[in-house]
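Me: Could you take a close look with me at one part of this model, the place where the ligand sits?

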Amino acid sequence: MSFRIYCEKDYDAVSRRTASVIAAQVVAKPDCVLGLATGSSPVGTYKQLIQWYKQGDISFAEVRSVNLDEYYGLAPDHDQSYRYFMQTNLFDHVDIEPENTNVPSGLADDPAAECLRYEWKVAELGYADLQLLGMGRNGHIGFNEPCGDFPKQTHLVDLTESTIEANARFFASADDVPRQALTMGIGTIMKARKILVVVSGADKADAVCKAFSGPITPEVPASILQLHPDVTLVGDEAALSKLREANA
Ligand code: F6R
């Protein structure tokens with residue numbers, strides 16, 4: 001078992017540290033499968049990776065990527081879709097081959113069939129070598145919301161009010177936030193060989209503490225990571241404060 005925690009002084013340092021773990025993976029295995037996340041937490045990480053790419057320090061030419069999730073009902077060119085996020089925050093700025101990037105389709109007529117296709121795609125790639133994860137304030141990972149069990153495979157989920165509220169800041173109003181999403185399951189995520197969690201800000205402190213020092217329960221989906229053999233957690237002081245207190 002390997003569980004490493006990096007406590008950094010601020011968001012920039014968190015982003016550099018997270019990017020360095022990803023860069024190390026890409027250098028060690030240039031054709032690796034990177035599991036990627038969206039949201040505000042990894043934005044600085046992607047900026048740092050773009051900078052290192054531009055300096056000639058890393059290349060994504062052989063990398064394959066699989067994203068965690070996508071809103072159901074949003075077109076790839078909708079400015080709040082996760083495909084659009086990945087294009088604008090990373091893919092358009094580095095040398096990754098477009099056909100090597102994978103994000104579930106938010107426009108599939110048959111979402112169940114799309115979930116199955118996506119799960120097979122990730123399996124065919126051999127699952128992620130390194131999966132980057134942000135964490136919701138309720139402990140969600142991907143869009144696996146607190147519920148009665150740990151969903152195994154890619155599936156369609158109804159977003160909780162807390163997630164809709166948290167994500168409303170990116171939309172004109174909460175009413176515009178899609179109510180459903182396609183997401184890798186907990187089983188899909190746990191099959192990644194390494195997990196890299198990035199968190200920042202005091203509003204994540206409770207979730208981080210519950211996830212890494214509380215009971216393993218689907219009520220805190222990230223708590224399953226306690227059973228993963230290789231986890232790196234990168235956070236700032238504020239996000240890690242309660243976990244530290246719990247382990248003091
Ligand atoms: C994003 C994702 C979500 C976010 C989480 C945290 O692909 O799957 O689980 O990682 O909602 O979001 P931020 O980073 O915006 O706080």
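How far is an oxygen atom of the ligand from an N or O atom in the side chain of Arg 169?

Reply: Happy to! That distance to the side chain of Arg 169 is 3.4 Å, which falls under polar contacts (pairs of N or O atoms within 3.5 Å). Before going on: this is a predicted model, where local features need pLDDT of at least 70, side-chain atom pairs count only at pLDDT 80 or more, and totals for chains, interfaces and linings use all residues. Residues are numbered from 1 along each chain as its sequence is written, and side-chain values use heavy atoms, with hydrogens and water left out.

Asp 69 also has a polar side-chain atom 2.5 Å from a ligand oxygen, while Ser 40 brings a backbone N or O atom to 2.8 Å from an oxygen of the ligand. The protein buries 93% of the 410 Å² that the ligand exposes when taken alone (Shrake-Rupley areas, 1.4 Å probe).

Around the ligand are 14 residues (a heavy atom within 4 Å), and Ser 41, Asp 69, His 140, Gly 142 and Lys 204 come nearest. By class, this shell has three nonpolar, eight polar and three charged residues, with Gly counted as polar.

The ligand sits in the largest pocket, meaning that more than half of its atoms lie within 2 Å of the pocket's grid points. A pocket here is an open set of points on a 1 Å grid over the protein atoms alone, with protein on both sides within 12 Å along at least five of seven lines; lining residues have an atom within 4 Å of a point. The lining has 37 residues, and Arg 169 and Ser 40 are among those nearest the centre. α3 gives the most to it, with five residues.

How values were computed:
Polar contact = N/O pair within 3.5 Å; in protein donor to acceptor, adjacent residues only side chain to side chain. 1 Å grid on protein atoms, 1.4 Å probe; cavity = no way out; pocket = protein on both sides within 12 Å on 5 of 7 lines; lining within 4 Å. Helix = DSSP H or I, 4+ residues; strand = E, 2+ residues; numbered from the N terminus.
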